[in-house]
Amino acid sequence: MTPKRKKPFVAMLVFACQVQVQGGQCDGTQMNKASFSDDVVGVESLLSLGHDPNAPAPPGMDCCGMRPLHCAGIGNATRSAKVLIDAKADVNATSTGPVFSALHSAAYWCSPGVAELLLRAGAFVDARNQESRTPLIEAANSGCAAVVAILVRWGADVEAADAPDGRRAMHWAAERGSTETMQALLRADASPCSPIHRAGCTGCVGSTPLHRAAHKGKVEAVRLLLEHCDVDSIDSY
Ligand SMILES: *[C@@H]1O[C@H](CO)[C@@H](O)[C@H](O)[C@H]1NC(C)=O
Ligand SMILES: *[C@@H]1O[C@H](CO)[C@@H](O)[C@H](O)[C@H]1NC(C)=O
């Protein structure tokens, strides 16, 4: 399951911490709007009028000061991403705050074409957002197996952990019950059973993906993990 693109506010709020969203999430600038809608003619004419392909939305105009490539990532807008990259948009540029990269957007909103273009143009595969999550973790979080497969092909660290909890992509995919995503991670040799070790994590040390799937009642994910993991592993709750 991929998040609904038509009603982006709720998921975006979760994604981008507790921020006030005013207006549409990609209505912050004309360029963001055109980019999100994959309106190539619009993007090209704004560029020819001198609009900056990197400009973030001004404060208060969207959730987080996103740039046109973020909006291409949210909109699965592969053609506008290509035009923006050709116009030298910075593929590593982050939103102004909360901070995340265009690759995080493409991962969370499940835009494989945009993710591939960003990576080909040199985007950092293991960039960290405000919550210390990598694009791989965000793709696992939204159950986007297609982007997970692309990211691991580009060398994403499958054991990267977020902070403060220390959950890895496998924890996130298990929690969501996305077995397709879990399979993609397993094919990339992600460890299915190893627990969280992060010191800053209260009450979750020892928690494995199996604990997370069981806690959330994700039966298929539990079934898959039991092919690999000890049914009696103990966490620290
Ligand atoms: C994203 O765009 C591609 C074409 O570029 C399309 O095949 C795919 O179905 C789209 N995905 C979603 C979730 O809309
Ligand atoms: C993106 O960031 C990574 C990591 O900092 C860096 O290695 C890479 O060269 C950057 N890519 C571009 C196109 O600037």
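**A proline and its surroundings**

Mentor: Pro-53 counts as buried because 22 C-beta neighbours lie inside 10 Å; the term requires 20 or more other C-beta atoms within 10 Å of the residue's own, while 12 or fewer make a residue exposed and values in between partly exposed, with C-beta atoms placed from the backbone. The model is a predicted one, in which local features need pLDDT of at least 70 and side-chain atom pairs count only at pLDDT 80 or more, whereas totals for chains, interfaces and linings use all residues. Residues are numbered from 1 along each chain as its sequence is written, and chains are lettered from A and ligands numbered from 1 in the order in which they are written.

Pro-53 is found in the loop between α3 (40-48) and α4 (68-75); helices are DSSP runs of H or I with at least four residues, strands are runs of E with at least two, and both are numbered from the N terminus. Leaving aside residues up to four places away in sequence, Pro-53 touches Leu-47, Pro-68, Leu-84, Ala-87, Lys-88 and Ala-89, contact being defined as C-beta atoms, placed from the backbone, within 7 Å. Leu-69 is 16 residues from Pro-53 along the chain, and their C-alpha atoms are separated by 8.2 Å.

From α5, Thr-78, Ala-81, Lys-82 and Ile-85 meet Gly-113, Val-114 and Leu-117 of α7. By class, this contact of α5 with α7 comprises four nonpolar, two polar and one charged residues; Ala, Val, Leu, Ile, Met, Phe, Trp, Tyr, Cys and Pro count as nonpolar, Asp, Glu, Lys and Arg as charged, and the others, Gly among them, as polar.

Asn-76, in the loop between α4 and α5, has a positive phi near 55° and is partly exposed, with 19 other C-beta atoms within 10 Å. Cys-110, in the loop between α6 and α7, likewise has a positive phi, of about 60°, and counts as buried with 24 C-beta neighbours inside 10 Å.

Terms used:
Contact = placed C-beta atoms within 7 Å.
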